[in-house]
Amino acid sequence: MENQQAADARYLKRRVKGCTVDVHPTERALVVQYEVEATVLGELGDLMVGERKECQKIIRLKSLNAHTDTSSLARKVVAECRLIHPSKLSEVEQLLFYLQKRRESNDEQEKTRIKPRDFTPYAGVELDEVASINSIDEYVELLYEDVQEKIRGATLIFQLARNPDNLEELMQNEPVLGALARVLREDWKQSVDLATTITYIFFCFSSFSQFHSLVTHYKIGALCMNMIEHELKRYDLWQDELQKKKKAYEESPENQTLKKDHEKSFRKYQSLLIKQEQLLSVALCLLLNLAEDTRTELKMRNKNIVHMLVKILDRRDQDLLLLVVSFLKKLSIFLENKNDMAETLAVEKLARLVPGCEHEELVGTTLRLLLNLSFDTTLRGQMVQAGLIGKLSSLLADEAQRQISICILYHISMDDRFKSMFAATDCIPQLMKLVFDCGETMDMELISLCINLAANKSNAQLVCEGNGLKMLMRRAVKLKDVLVMKMIRNLSQHSGATKSLFLDHVGDLAAQISEEETEEFVIECLGTLANMTIPDLDWALVLKEYNLVPYLKDRLKPGAAEDDLILEVVIMIGTVSMDDSCAAMLAKSGIIPALIELLNAQQEDDEFVCQIVYVFYQMVFHEATRDVIVKDTQAPAYLIDLMHDNNAEIRKVCNNTLDIIADYDQEWRKKIQSEKFRWYNGQWLEMVENRQMDEAGEPFVFGEDGESFIGNEDILERPDLFYSADGILSADGAISPEFYSDFQNGQLAQSGYMNSMTEQLVPTDRPVSSYGFRPDEQFFLNYNNGSSR
């Protein structure tokens, strides 16, 4: 019967169903979940046996890094894995992009990676016997014997503690731990071997968070701090002793006794140094584990842990340095610890490890520590002084360290005082190579660094060398890359040869200014064009060929676009208006009323106001557009209102513009002069208009019935109220030239006239303008013996 069934079951059919793709939770890999349906068919095709099974396939992506082209990799994955249908290509690409950006927890990585070097018993401490948990009481008894027996007992217990399965039982045996803690506390100065072995035992407990309270209970952390401090002092004494013997030998090189003494001391020093550094290593590992609790970490900080760690940075043992740098990196996220590192000049010592160290892991950890410190302005200055710009630039070729190096360089480039220092290194050529070699997507850190560096003239010249600018423009226009265009905009602001290179690209930039492009991209293009203050550029031709005037005018309407875009349009108009023919073209198109309307809408925004006023200045500067501004618009009235604005730049542009208008138009000259007079003599005018009768009841300005002698007339139209004296005022109320000349020559003072006022009057040796005296001269004074401004 069974043979008959086997004969009938000749056809086996397998089918894959329900394939899904997701990322691996911890590794850089894709997980493909699918279901296999196996069906056994008979000779006639009828179903005999059916079975379903859920399966999983892991696709590990060893080549995936921050610079991998995820699109190409996704195509490769789909092509090589038959389980993934081609329709899922975009989904795979998104998952790869997520994996590329996902960062593994550095702290978790380092916790599993950083551990004290493997315990190697020293001469006289080697043990042939194997420890047994059943003999633990015997090992404890050894802790009450001499030092060698204590070392033997501690070593046997350490063998047990290295097995995590024994830690629970050891923890419950309080006499064991109590004896170990007592011996360590009492005898650690007598034997480095004993101190190292017992500290190793407690380190095994500290590797698990549930045992931290046990280690803290016996105050092992505080004891480790004391041991580290003591060993560092011993190290200083060894160094001093070696230096003295070396100096004595160098002074008498023929003395063989001194030479042998120095060599003997040096060998002893090396032997002691190995033991000491192993003790430091295990003690620091234990403290690093306990520092998971921020309260414990604060206690360490109060005992100067940062100063101790920075002092150990002078050592040469790379495993110990890795541990120290990792500890400092963990501490550096707190302000107080960061300040301690600045005080101890940690950056200078860390710079020695970059990139001169062959230990790749140590270099990477050092860079991450430097990145944490680079958020501080003072520490960035120390990094520059330590020559880190050049050292980090040399790491750009190393793919493993490139990303973190770029991040640190970016922080340094944020300070204007350091930007020029990049030009003295090979940083910019390497950055440009990275920019041109990357695919359609570029790392944010890379382009951000390039944007910052482009703001410096020396750097800009290096960027534009050869075909640099041409290739940047090609990439920006092809990919509509806003950040690359922002970099180009920074390049365009520098005068000289760099700006002249942009003549070939004005057309490309102007062609991007349209409604079809995104606002962010258009803003950068407009900003770049606004920087094109090149005499050889025919702006009129550009405006006509690319039909830019209607676009610029339409964007000036309040609410027509985002404020950033409108502001760039105004700046662009200001640049274009430097050309006579362009200014006339813009004036005829009705842009000036649109600017006035925009000025009303944006009067609280100083940047808008200043740029619009600058456009007015350019318009009145040209004869072709002066009449339009002065006679056909209310721009001068707005300028008079802004003449005393709180913003110094606005006042400066307003005054320059009004000076041109005053020289050109007599009517506006009078209004401008009157307004300036009112402003500078406001207190005096207020006194004249408002003063009541004095204490004696004598009338001054007001009559007995309270009616003002001035009436409703303008105070400036009543010159008889200023100073009524013969020869001072002419028949039309103006100051006579004779009086002004006499006053300048001092004749009035010599004759006794106004001799009580001469010392208060402002000297009149300032230049005289085209309409008599400067309106900003304080010719009339108030009664307060001071300026009325």
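Which residues in α37 do Ala 583, Ala 584 and Ala 587 in α34 meet? In this predicted model, the three alanines of α34 meet Ala 624, Thr 625 and Val 628 in α37.

Let us look at this helix pair first. The axes of α34 and α37 lie 8 Å apart, and the two helices pack at an angle of about 30°. Angles under 35 degrees count as roughly parallel, so α34 is roughly parallel to α37. Their crossing is left-handed.

| Helix | Residues |
|---|---|
| α3 | 89-101 |
| α27 | 482-492 |
| α34 | 580-588 |
| α37 | 623-632 |

The largest nonpolar core has 197 residues, and Phe 327 and Phe 616 are the ones with the most contacts inside it. Leaving aside residues up to four places away in sequence, Phe 616 touches Ile 592, Leu 595, Ile 596, Leu 599, Ile 629, Ala 635, Leu 639 and Thr 657. Another core, of 21 residues, lies apart from that one, and its members include Leu 30, Val 36, Ala 74 and Leu 99.

Gln 100 sits in helix α3. Buried means under 20% relative accessible area, so Gln 100, at 10%, counts as buried. Beyond residues up to four places away in sequence, Gln 100 touches Arg 28, Leu 64, Asn 65, Ala 66, His 67, Thr 68 and Thr 70.

Finally, visit helix α27. At its start, a side-chain oxygen of Asp 481 comes to within 3.1 Å of the backbone nitrogen of Leu 483. Buried residues in α27 include Val 484, Met 485, Met 487, Ile 488 and Leu 491, along with Asn 490 and Ser 492.

Methods
Residues numbered from 1 in each chain as written. Predicted model: local features only at pLDDT ≥ 70, side-chain atom pairs only at ≥ 80, totals over all residues. Heavy atoms only, no water. Core = buried A, V, L, I, M, F, W, Y, C linked by side-chain atoms within 4.5 Å. Buried < 20%, exposed > 50% of the residue type's maximum accessible area, 1.4 Å probe, protein only. Contact = heavy atoms within 4.5 Å. Helix = DSSP H or I, 4+ residues; strand = E, 2+ residues; numbered from the N terminus. Polar contact = N/O pair within 3.5 Å; in protein donor to acceptor, adjacent residues only side chain to side chain. Axes fitted to C-alpha atoms, helices over the stretch in contact; angles between N-to-C directions. Parallel < 35°, antiparallel > 145°, perpendicular 65-115°, else oblique. Left-handed = near helix turned anticlockwise from the far one by under 90°.
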